[in-house]
Amino acid sequence: MDIQGLTTQFWQDGYIVLENFFDEKLMNEYNDLILEHYGVSPNWEHTDEFISKSAVEVIPWFPYREDKPYFDGIEKDKKFNGITDAILKDGWQNLYCMMMFSKAGSKGQAWHQDCPPEDEKKFNLNRLVYTHDITDETGGEIVVMPEAHKAGVLPVGKPHDDLEGQLVFQPKKGTVIFLHGHCFHRVMPVKKDRISSNFRAVPIGTPEDITDVCVYRNMRYRFSTSEVIEERN
Ligand SMILES: [Fe+2]
């Protein structure tokens with residue numbers, strides 16, 4: 001693997017997509033573990049009332065905060081962390097490992113930047129790992145605006161509208177996407193239950209609450225207090 005080439009590509013485009021990065025057996029095992037947590041049987045039937053009744057668009061789970069370090073096969077993978085070393089060459093640390101569950105019929109995610117882009121040195125690195133295929137049938141494609149990590153703040157506009165130059169990805173089981181937190185991205189509507197995982201990293205010295213304020217096209221939103229801190233129009 002050409003780590004230097006990938007690093008150059010990451011800093012040019014704001015993301016890289018690596019297919020067949022993790023093997024199928026590990027992905028199947030992790031997918032089942034995640035489904036089990038959410039109370040979904042391995043054939044994707046809901047066994048948990050909360051999931052069936054939940055109106056939340058994305059239900060997060062932070063396994064390492066619950067002393068469930070089940071995903072070390074990703075978190076401690078040498079190749080995975082080697083690329084991270086090369087991208088964040090002045091040092092980095094794990095921010096958290098977050099699993100995300102989206103129910104069939106949910107809206108996905110509007111265009112956003114994970115954290116405010118005003119200080120280009122303050123950012124998070126998404127390390128997205130896909131434990132099942134994203135297809136036309138599942139929906140939930142990830143949409144990325146290339147080079148937008150260098151474009152300043154996300155333009156004001158309709159939250160889900162297409163942007164000129166956007167790229168749509170359907171990651172397959174075992175695919176990894178490294179994505180700069182300032183790079184504009186969104187998730188298309190979800191047609192079938194969807195899981196994705198994010199092993200988020202940050203440069204050394206980045207505040208722990210770096211992703212507390214998210215920038216959308218119509219607002220800035222603070223998660224810790226559940227409030228809109230700026231209307232954008
Ligand atoms: Fe995001």
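This is a predicted model: local features need pLDDT of at least 70, side-chain atom pairs count only at pLDDT 80 or more; totals for chains, interfaces and linings use all residues.
In which sense do β3 and β10 pair, and over how many bridges? They pair in the antiparallel sense, and the count of bridges is ten.

## The six-stranded sheet

Six strands make up an open sheet, and their order is β1-β8-β5-β10-β3-β2. The pairing is antiparallel. At the edges stand β1 (15–18) and β2 (59–61). Each of these has a single partner strand, so one side of each is left without a neighbour in the sheet. From one strand to the next, the twist averages 20°.

## Pairings within this sheet

The ten bridges between β3 and β10 include a place where S102 stands opposite R194 in β10. Strand β3 covers residues 92–102 and is also joined to β2, by three bridges. These two strands run antiparallel. Here W61 stands opposite M99 in β3.

Strand β10 covers residues 194–203 and is joined to strand β5 (residues 125–129) by three bridges. β5 and β10 run antiparallel. The bridge partner of V129 in β10 is S197.

## The seven-stranded sheet

Another open sheet has seven strands, in the order β7-β6-β9-β4-β11-β12-β13. Its pairing is antiparallel. The edge strands are β7 (167–169) and β13 (227–231), and each of them pairs on one side only. The twist in this sheet averages 30° from one strand to the next.

Which strand pairs with β6 over three bridges? The partner is strand β9, residues 185–187, while β6 itself takes in residues 142–144. The two pair in the antiparallel sense. On β9, H185 is the bridge partner of V144.

Helix α1 (residues 3–13) and helix α5 (residues 78–87) have axes that come within 9 Å of each other. The axes cross at roughly 55°. The two helices are therefore oblique to each other. The crossing in which α1 passes α5 is right-handed.

Which residues make the contact between the helices? On α1 they are I3, Q4, L6, T7 and F10. On α5 they are G82, I83, A86 and I87. Sorted by class, the contact of α1 with α5 has six nonpolar residues, three polar residues and no charged residues.

Definitions and conventions. Residues are numbered from 1 along each chain as its sequence is written. Two strands pair if DSSP finds at least two bridges between them. Helices (H or I, at least four residues) and strands (E, at least two) are DSSP runs, numbered from the N terminus. Axes are lines fitted to C-alpha atoms, for helices over the stretch in contact, and angles run from 0 to 180 degrees between N-to-C directions. Angles under 35 degrees count as roughly parallel, over 145 as roughly antiparallel, 65 to 115 as roughly perpendicular and the rest as oblique. A crossing is left-handed if the near helix is turned anticlockwise from the far one by less than a right angle, and right-handed if clockwise. Two residues are in contact if their C-beta atoms, placed from the backbone, lie within 7 Å. Ala, Val, Leu, Ile, Met, Phe, Trp, Tyr, Cys and Pro count as nonpolar, Asp, Glu, Lys and Arg as charged, and the others, Gly among them, as polar.
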